Amino acid sequence: MRRTAQETREHILTVTHDLFYWHSIKGTGVDTVAAAAGVAPTTLYRLFASKDDLVAAYVERASGLYKQWFLDATAAGSPADRILSLFDALIEQVQPEYCRGCPFLMAMAELPDASVKAHTLAVGTKAWVRGRIGELATSDVLADQIFLVMEGVYASVQSLGADGPARQARGLVESLLRAAG
């Protein structure tokens with residue numbers, strides 16, 4: 001059964017996510033993506049004008065999925081409960097079978113030029129997360145502290161796993177919330 005252009009695009013982005021996330025953006029060529037997706041390179045280039053466009057689409061799609069995950073994790077309860085629910089969901093998300101780190105931090109590291117669209121999209125996602133935490137926190141200082149804990153979880157799981165320092169995140173956030181009143 002033939003896919004529509006939109007279905008083919010989504011299929012390529014699903015395959016791209018697996019390749020870019022688990023094997024790196026720079027280390028994965030367009031021909032590898034096309035072969036793994038089972039499409040001709042010309043089909044891929046018809047949907048994405050360049051690798052930069054493919055990378056930007058990957059980051060944009062990942063951002064949408066991440067934002068939905070975040071909103072689902074913080075959907076109910078008091079602001080403090082919603083923040084703690086976020087960290088409960090986060091520790092599940094960073095288990096090694098699902099996570100090798102934050103795709104947005106990885107994209108920014110691989111694409112350090114701030115003028116690159118994928119970099120800009122990744123920065124925008126981080127700003128969005130900080131903004132949502134800011135809506136739940138009682139102060140900008142508390143929001144910054146919670147955001148730093150969240151970023152620390154993503155950074156530490158790459159080297160020390162989810163059973164390393166990341167397992168302390170919820171307790172640390174509980175302490176921050178108590179101290180903030």
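Trainee: In which loop does Y98 lie?

Mentor: This is a predicted model, in which local features need pLDDT of at least 70, side-chain atom pairs count only at pLDDT 80 or more, and totals for chains, interfaces and linings use all residues. Residues are numbered from 1 along each chain as its sequence is written, and side-chain values use heavy atoms, with hydrogens and water left out. Helices are DSSP runs (H or I, at least four residues), numbered from the N terminus. Y98 is found in the loop between α5 (79-93) and α6.

Trainee: Is Y98 buried or exposed?

Mentor: Buried means under 20% relative accessible area, exposed over 50%, and partly exposed in between (1.4 Å probe, protein chains only). Y98 has a relative accessible area of 55%, and therefore Y98 is exposed.

Trainee: Which residues does Y98 touch, not counting residues up to four places away in sequence?

Mentor: A contact means heavy atoms within 4.5 Å. With residues up to four places away in sequence set aside, Y98 touches Y21, W22, E92 and Q93.

Trainee: How many residues of α6 are buried?

Mentor: Helix α6 spans residues 103-110 and is mostly covered. Its buried residues include P103 and F104, and the buried residues pack against α1 (5-23), α4 (51-73), α7 (117-136) and α8 (140-160). Of the eight residues of α6, the number buried is six.

Notes
Helix = DSSP H or I, 4+ residues; strand = E, 2+ residues; numbered from the N terminus.
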